[in-house]
Amino acid sequence: MVLLTLPELIGHLHPLLVHLPIGILCVALLAAWLARRPSFRYLAPALPLLLLAGLLSALVSVLTGLTLAGLDDYDPGLAGWHRWMGIATTLGSAGAYASYRLAGWARLRPYFLAALVPLLLITGHLGGSLTHGSDYLSRPLATLFQAPASSAGRAVFAKPLPDIQHAVAYKDLVQPILQARCYSCHGPSKQKGRLRLDQPEGILKGGKDGQVLAAGRPEQSELIKRILLPLHNEDHMPPREKPQLNPAEITLLRWWVLDSADFTRRVRDLPQPGEVRAILADLQKGLPGATGTPADLPDRSVPPADQQALAALRQAGAVVLPLGQETHYLSVILRNAPAFSDSSLRLLLPLREQLLWLDLAHTRVTDRGLRDLAQLAGLTRLHLEYTRVGDSALAALQSLTHLRYLNLAGTAVTGRGLSQLKNLKELRNIYVYGSRVDRSGWANLQRWFPRAALDSGGYIVPLFATDTTLVQPPPNK
């Protein structure tokens with residue numbers, strides 16, 4: 001439990017209190033306009049009281065806003081304009097109230113009331129821009145004539161990337177994700193925790209709690225760790241009330257961080273494991289799989305998952321993500337819950353209808369515990385990399401007839417054990433790098449899994465025709 005200091009408590013009241021003067025003053029302006037008509041003259045006596053209430057609530061909002069400005073890091077220019085416009089709105093409401101109480105001010109009443117209209121609009125717009133980004137009002141207009149999004153990911157990659165191998169990984173893949181999911185709190189208008197993610201310099205610098213990026217180590221990078229925290233955790237990012245990253249977006253971010261988090265390298269220059277290749281292919285074609293709704297979702301619909309079962313999983317450290325806005329199928333990520341063990345696997349069983357993607361990488365599951373996975377017959381993707389599983393665990397996976405992706409990197413699995421899965425006709429990607437699979441038996445694996453891409457590591461970046469080859473003469477002797 002986090003205890004707020006008195007200034008923090010006062011400052012955090014601003015978003016709540018700021019709506020009071022807006023609502024009260026809008027009602028006062030509407031009443032003043034209607035009171036000019038004979039049939040609404042009865043509203044006139046209420047106007048001084050409404051304006052006084054608007055003045056007092058505006059004053060309290062300004063005071064709490066000034067306190068909040070000292071707690072969070074907002075864009076100085078935008079915050080300054082918002083501050084002065086808020087003060088101007090308060091002074092305008094004070095003048096309007098005085099015009100009803102002071103006889104000499106009555107002739108100024110129309111001017112004060114008229115001035116309140118643009119003051120309220122501008123102050124409210126600036127406040128929304130500070131909280132939600134500078135394109136808060138223009139964003140809906142920009143997408144007005146676009147096709148409706150099928151999932152949250154559509155807002156990130158709304159158009160195909162036809163030449164994706166020549167795209168810059170950060171600029172064309174990573175930055176759009178950060179812009180859609182992170183800039184509202186860590187962008188040019190607001191830097192919560194003194195962290196700015198809209199510039200490479202800001203990402204490398206980190207925030208008040210230190211660096212957020214550990215190049216080559218996604219599990220040690222706060223940028224990735226906080227995304228994978230359970231939704232109920234107060235450190236989870238983005239906050240639960242904001243749009244969350246979908247599995248494809250998380251995969252792309254981890255991939256970029258894992259490969260040194262370089263800001264200039266092109267996609268073609270980076271190793272591309274099968275899961276990443278599939279997402280890149282979908283992005284290039286503009287298919288749903290790249291934008292949050294997997295293209296291989298089952299045709300049949302399933303009921304919503306049991307909420308108590310979801311709560312128990314999240315309590316155990318799981319990140320549970322929907323695989324689309326219009327489906328109840330789920331992805332469960334446990335790689336940030338290293339204490340998750342065999343006894344915890346039973347928490348997954350109530351989700352046997354909804355669970356399609358399961359990530360158990362770096363957990364404490366063993367061969368004995370994986371027997372429970374046989375009941376999750378709908379699984380299509382399974383991460384077991386760097387767990388304590390071996391050949392005997394694979395026997396439990398023979399019933400997963402829909403499995404398309406299997407990651408066994410860094411495990412004790414051998415080629416002989418892998419042969420137990422040769423009847424899984426849907427398998428398309430198998431990862432065995434760092435395992436005990438012997439390259440001498442590679443021909444057998446290719447015969448057993450003719451439709452699957454087998455990945456043993458040792459990536460080689462191909463030379464493209466457009467690449468430049470520099471030929472230098474030998475040094476003079």
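Guide: Gladly! Helices (H or I, at least four residues) and strands (E, at least two) are DSSP runs, numbered from the N terminus. This is a predicted model, in which local features need pLDDT of at least 70 and side-chain atom pairs count only at pLDDT 80 or more, while totals for chains, interfaces and linings use all residues. Residues are numbered from 1 along each chain as its sequence is written, and side-chain values use heavy atoms, leaving out hydrogens and water.

Visitor: Does Leu-6 count as buried or exposed?
Guide: Buried means under 20% relative accessible area, exposed over 50%, and partly exposed lies in between (1.4 Å probe, protein chains only). Because its relative accessibility is 58%, Leu-6 counts as exposed.

Visitor: How many strands form the open sheet?
Guide: Two strands pair if DSSP finds at least two bridges between them. The sheet has mixed pairing and the order E3-E4-E5-E6-E7-E8-E9. Its edge strands, each pairing on one side only, are E3 (319-322) and E9 (453-455). The strands in this open sheet number seven.

Visitor: Which residue in E5 stands opposite Ser-331?
Guide: Ser-331 lies in E4 and points the same way as Ile-333, while Leu-330 and Val-332 point the other way, and all are buried. E4 pairs with E3 in the antiparallel sense over four bridges, and there Leu-321 stands opposite Ser-331. E4 also runs parallel to E5, joined by four bridges. On that side, the residue opposite Ser-331 is Trp-357.

Visitor: In which sense do E6 and E7 pair?
Guide: Strands of a sheet pair through backbone hydrogen bonds, either parallel or antiparallel. E6 covers residues 381-383 and E7 covers residues 405-407, with three bridges between them. Arg-381 stands opposite Tyr-405 in E7. The sense of the E6 and E7 pairing is parallel.
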